[in-house]
Structures are given as structure tokens and as C-alpha cells.
Amino acid sequence: MTTGQLVVVAVAVGIAALVQVLSGFGFALLAVPLMALAVPTREAVVVSTLLGAGVSTWQAWHLRRHTVRVLARRLVGAAYLGMPLGLLIFVSVDDSILRLLLGVAVLVAVGLLIVRVDLSSAPRSLDYAAGFVSGVLNTSLSTNGPPLAFTLQARRLAPDAFRATINTVFALSNVLGVSLFVAAGKVDRDGLLAALIAVPALFLGQVIGLPLRRFVSPERFRVMVILLLVLAACSAIASALT
């Protein structure tokens with residue numbers, strides 16, 4: 001990678017880490033499209049997965065007492081089933097089609113959140129379906145946040161419980177995700193170098209974002225989640241059509 005490419009990767013990682021600390025998710029949603037401005041999308045997916053594992057693991061541990069463990073177990077179990085399929089898509093399918101479908105699905109989810117659909121009493125099948133889709137998206141596009149964010153918001157989790165639970169799912173999912181990428185030979189020297197150089201930006205984004213979190217009220221948090229989902233949907237659709 002050139003110096004310019006590495007700078008773009010570091011800036012993207014810093015911004016994404018800041019957003020992740022504030023909202024509980026959004027690292028890959030922002031990091032992948034921003035990094036893809038300078039590096040191939042597949043390279044951006046691998047770098048995002050490697051670094052996202054560190055961000056989510058730290059947040060999951062920091063907020064562990066707020067985790068809804070039963071819900072997290074269902075989501076993680078289903079995600080593990082979806083990740084091999086996601087890897088197959090990653091190595092064999094043009095990602096523009098998947099990005100378009102992702103964008104449309106996220107916009108539908110946003111519409112349901114805006115009208116404040118209450119799925120707090122929905123059957124467990126909702127969690128298993130969301131977990132499976134997140135697993136597919138994890139190893140295909142490294143953007144597994146939208147289905148998880150939609151489900152946790154629809155189940156009316158408080159901000160701390162939302163952040164803790166979604167990051168626990170991210171952290172445990174990334175264990176298998178990174179392992180699958182390594183086994184498939186998709187973690188190369190350039191990806192490791194870019195991830196290593198971006199580590200200081202990763203920590204800086206978290207350090208800046210942590211003290212700001214106290215100013216995010218439940219309603220502002222809900223608006224932030226919706227805006228992030230809209231941004232993710234528009235980014236996915238735009239990248240699919242270009």
C-alpha cells in the first residue's frame with residue numbers, strides 16, 4: 001500500500017471508532033466505505049474485521065454487566081451458522097448485488113424503527129433470523145450491524161444494554177470471522193500492515209468518544225442509530241450502483 005492509502009485507512013478507522021463508542025455499532029458501516037475510497041473493497045473488509053474485533057471486544061468487556069446474555073447467545077449462535085455462507089459469497093460473488101440488497105433491507109428496517117414498531121414480545125425466531133443475516137454480512141461485507149441494531153432497538157433495549165449486547169455479539173462473531181478469513185488465505189501482508197498502522201487512530205477515536213457518551217440521551221441515541229442505518233443503506237446502494 002502507498003502512504004496515501006495508509007493515511008486514508010487510518011482516518012477512516014479513527015472516525016469509525018469514534019462513532020462505535022458513541023452508538024455501540026457503526027464501525028464497519030463507516031470504515032469499509034471510507035477505506036474503499038483508497039483500497040480495494042475486499043481489502044477494506046479484512047482490515048475492518050481485524051480492527052473491529054479489538055473495538056468490540058473492549059466495549060463488550062467494559063459494559064459486560066449490562067449485557068442481555070440470553071439474547072446475545074441466540075444472536076451469536078445464529079451468526080456462527082451464517083458466517084460460512086458469508087465467506088462463500090465473499091470469495092465467489094460480485095458484492096454489488098449484496099450491497100444493493102443490504103441497502104434496501106436496511107431502509108425497510110429504518111422505516112419500521114421510525115414508526116416505533118415494538119417487537120419486544122416477538123418470538124425468538126426474530127433473534128435467530130437477525131443473527132444469521134448478521135453472520136452472512138460479517139464475512140461477506142463486514143457490515144453485520146444493521147440487522148442486530150434493528151432487532152435490539154425493536155426490542156426496546158436501553159442504550160447501555162444495547163451497546164453491551166451488540167458488542168458482545170460483534171466480539172464473539174469476530175473470533176470465527178477472523179479465523180475463516182485466515183483459513184481462506186484472505187489476510188495478507190498489506191492487510192496486516194494497514195491494520196497495524198491504523199491502531200493508534202483506533203485508540204484515538206475511542207478516547208475522544210468515551211467522555212462524549214454521557215451527553216447522549218436515550219432519544220438522541222435512538223436518532224443516532226436511525227441516522228447511522230440510513231447512512232449505511234445509502235452508502236451500500238450508492239456503492240452497488242457505481
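Alanine 236 counts as buried, because its relative accessibility is 3% (buried is under 20% relative accessible area, exposed over 50%, partly exposed in between, with a 1.4 Å probe and protein chains only). Keep in mind that this is a predicted model, where local features need pLDDT of at least 70 and side-chain atom pairs count only at pLDDT 80 or more, while totals for chains, interfaces and linings use all residues. Residues are numbered from 1 along each chain as its sequence is written, and side-chain values use heavy atoms, leaving out hydrogens and water.

**Around alanine 236**
- Alanine 236 belongs to helix H11 (residues 218-241); helices are DSSP runs of H or I with at least four residues, numbered from the N terminus.
- From alanine 236 to proline 123 you count 113 residues in sequence, and the C-alpha to C-alpha distance is 29 Å.

**Helix H2**
- Helix H2 (residues 27-35) is largely enclosed by the rest of the structure, because 7 of its 9 residues are buried.
- Those buried residues in H2 are Phe27, Ala28, Leu29, Leu30, Ala31, Val32 and Met35.

**Helices H4 and H6**
- Helix H4 (residues 69-92) and helix H6 (residues 125-141) have axes that come within 5 Å and cross at roughly 40 degrees; axes are lines fitted to C-alpha atoms over the stretch in contact, and angles run from 0 to 180 degrees between N-to-C directions.
- That makes H4 oblique to H6, oblique being whatever is left after under 35 degrees (roughly parallel), over 145 (roughly antiparallel) and 65 to 115 (roughly perpendicular).

Key. Helix = DSSP H or I, 4+ residues; strand = E, 2+ residues; numbered from the N terminus.
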